[in-house]
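Visitor: I would like a close look at one part of this model. Please set it in the context of the whole chain.

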Amino acid sequence: MPVPFEALLPFGIITGFFFASASGFQTVKYFANDKKFHRYGLDKWDLQMMERDRRLTGSLRGQSDEAVAPSEFATNSVWYVETPRDKGQY
């Protein structure tokens with residue numbers, strides 16, 4: 001039994017909206033991560049290094065190639081008062 005052509009139009013619209021929403025979500029994530037792809041499988045070391053990078057550069061994905069940290073880095077340490085350190089922040 002053939003499929004009536006009237007059923008293909010809603011199917012195409014639904015497929016198009018799925019594609020548009022997935023592409024939009026991926027684009028938002030890409031620009032939110034400083035135009036870099038999303039990180040997967042983060043362990044404690046990665047989270048600590050991301051926190052250090054945020055304190056050094058102001059961005060979770062930014063990295064600095066300076067051999068010496070800026071003077072502000074000595075006084076902007078993180079104190080975990082409310083949240084235990086072993087719980088991931090991200």
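What share of the 90 residues of the protein counts as buried?

Guide: Buried residues make up 9% of the 90 residues of the protein. Buried here means under 20% relative accessible area, exposed means over 50%, and partly exposed lies in between, with a 1.4 Å probe and protein chains only. This is a predicted model, in which local features need pLDDT of at least 70 and side-chain atom pairs count only at pLDDT 80 or more, while totals for chains, interfaces and linings use all residues. Residues are numbered from 1 along each chain as its sequence is written, and side-chain values use heavy atoms, with hydrogens and water left out.

The protein has 2 helices and 0 strands. Helices are DSSP runs of H or I with at least four residues, strands are E runs of at least two, and both are numbered from the N terminus. The accessible surface is about 7900 Å². Carbon and sulfur atoms account for 63% of that surface. These areas come from the Shrake-Rupley method with a 1.4 Å probe, and for residues only the protein chains shown count as cover.

Now to the residue itself. Leaving out residues up to four places away in sequence, aspartate 53 touches Gly58, Ser59, Leu60, Gly62 and Gln63. A contact means heavy atoms within 4.5 Å. Across the protein, contacts between residues at least 6 apart in sequence include 38% that join residues at least 24 apart.

Which charged partner does aspartate 53 have? Its salt bridge is with arginine 52, and the closest N and O atoms are 3.0 Å apart. Salt bridges need a side-chain nitrogen of Lys or Arg within 4 Å of a carboxyl oxygen of Asp or Glu. Side chains of opposite charge can pair when their charged atoms come close. Arginine 52 is partly exposed because its relative accessible area is 35%, whereas aspartate 53 is buried at 4%.

The model counts 2 salt bridges. One of them joins glutamate 51 and arginine 54, whose closest N and O atoms are 2.5 Å apart. Both residues belong to helix α2 and stand 3 residues apart, about one turn of the helix. Glutamate 51 is buried because its relative accessibility is 10%. Arginine 54 is partly exposed, since its relative accessibility is 35%.
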